[in-house]
There are 2 protein chains.
Amino acid sequence: MTDQTLWQTISSTLSKEIKSGHFLPGMKLPTEADLARRFGVNRHTVRRALLTLKQGGMIASQRGAGVYVLHSKTDYKIGERVRFHQNLLDSGRSPSREWLTISTRNPDMSEMRALKLSKGDEVHIYEGKSLADNVPIALFKSVFPAKRFPDLPEKLMANQSVTISLKASGVADYKRLSTQISAVLPSPTQRGQLKLNQDIPLLKTLSINVDLLGNRIEFGTTWFASDRVSLTLESHLENALMSSN
Amino acid sequence: MTDQTLWQTISSTLSKEIKSGHFLPGMKLPTEADLARRFGVNRHTVRRALLTLKQGGMIASQRGAGVYVLHSKTDYKIGERVRFHQNLLDSGRSPSREWLTISTRNPDMSEMRALKLSKGDEVHIYEGKSLADNVPIALFKSVFPAKRFPDLPEKLMANQSVTISLKASGVADYKRLSTQISAVLPSPTQRGQLKLNQDIPLLKTLSINVDLLGNRIEFGTTWFASDRVSLTLESHLENALMSSN
DNA sequence: CAACATTTGTTCGTATGTATC
DNA sequence: AGATACATACGAACAAATGTT
């Protein structure tokens, strides 16, 4: 409508065709050359149009293969409690986790502030990847105070689950204190780990988790692929009111 | 580091120079032609690099003028209560609001579900723009049940404030029930209203607000320009724990 | 206000690299 | 191994918005 340039027109045309079901999730779009012929433009103009669809999370391209329509987003709930697996099980997905690094080192400034550490305190770093139905949907980095959880690394390697590992360390329950959300672009490393085809923004969340006494026990960063996830926040009102649903 | 392509190298080089303070907020970057000469590449390659910086909210371009370094983001708090002005005042900004349309019509499916409306119920639509220091930072659309708030439109036009208008309609207080966050690309219309230069994703939030009895009184959608805002969620634990700060 | 130079935005053309099938 | 298809890069030209003279 308000479109003016060729690539904007092409972009919104294809967008409508995808939304209308003309192209279904998982389907391969016509090749760039075909689309260029169809719209009577240069291949670059088609690529410019496809780029914005890619950024919007509607499609993904694979060099040498083609351009594919993506599936709709997984809904990821962020409540008081942080339960990754349960979260995804609820939406009918099969969740899994891969850990990339588990290490212990001195904290940087932001980590010290977030966990209210004293000088000399060390932290455990737990980095990994979250998948749903074997598709990577997020990268995470969790920072724990080493003084409080001396043998957490071994537990994490064995358990694959933060909740269970913390429980084994005496934390019966923990809650989310605060979360900050922003949108960033992936680094080349992140792009590879999430198998992104560039130019898809990540929903970045910084969260601080506390035990029931209010002690800060985890400083977590998560990068969600915005083409595969949307975040849902639920207040503690939710449970009480949802019963009257 | 892990960079491989020319435009990725240029992008991270410029990014570092901006972060290091070599280019300060508000400053004009060298022209694309100059940068192309500096890096010894084609102008297209420079533009590809600048595009990712633009998407990351680091720079903004103006045709005919140049490319400028943007200021850092405003932090926008999302708590149980929804208080736009207070929110921005807290971060030292001068907030303002412009309303674009105020109307009454029949709800669509999503609005009926969100507000739990019965067939035949009408809704008031309140659309507008939020600014901080005269820079647009978000667009919003609020949907209210007309049956409960018959004269809300007049109040909104007079007040400019949702909180005050609802209070005048007998809602002493209201809270956020749930919020869904995703990232989308702006439509041409939104791009114009937010004065975006294309290709900056929007943080889109869908929220349902309820009065103290749990009745749903507002279904709101907000599109934040991700280059100007980051969202912070605070649990109700925050207040209790922050005192021990 | 008009004319002009500057600067970014769009489009086409062409060539080469690289991953997939 | 070869054909297909996307990714990167260079070159050229013009359009559109801006700022200046």
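Begin by selecting chain A, whose secondary structure comes to 9 helices and 10 strands (DSSP runs numbered from the N terminus, with helices being H or I of at least four residues and strands being E of at least two). This is a predicted model, in which local features need pLDDT of at least 70 and side-chain atom pairs count only at pLDDT 80 or more, while totals for chains, interfaces and linings use all residues. Residues are numbered from 1 along each chain as its sequence is written, and chains are lettered from A and ligands numbered from 1 in the order in which they are written.

With the whole of chain A in view, its C-alpha trace spans about 65 × 45 × 30 Å along its principal axes.

Next, select residues 32-39 and 43-55 of chain A, which are helices H2 and H3; these pack at an angle of about 105°, with their axes 8 Å apart (axes are lines fitted to C-alpha atoms over the stretch in contact, and angles run from 0 to 180 degrees between N-to-C directions). That makes H2(A) roughly perpendicular to H3(A), a term that covers angles of 65 to 115 degrees.

Now show the side chains between them: Glu32(A), Ala33(A), Leu35(A), Ala36(A) and Phe39(A) in H2(A) meet Arg43(A), Val46(A) and Arg47(A) in H3(A), where contact requires C-beta atoms, placed from the backbone, to lie within 7 Å.

Methods
Angles under 35 degrees count as roughly parallel, over 145 as roughly antiparallel, 65 to 115 as roughly perpendicular and the rest as oblique. Two residues are in contact if their C-beta atoms, placed from the backbone, lie within 7 Å.
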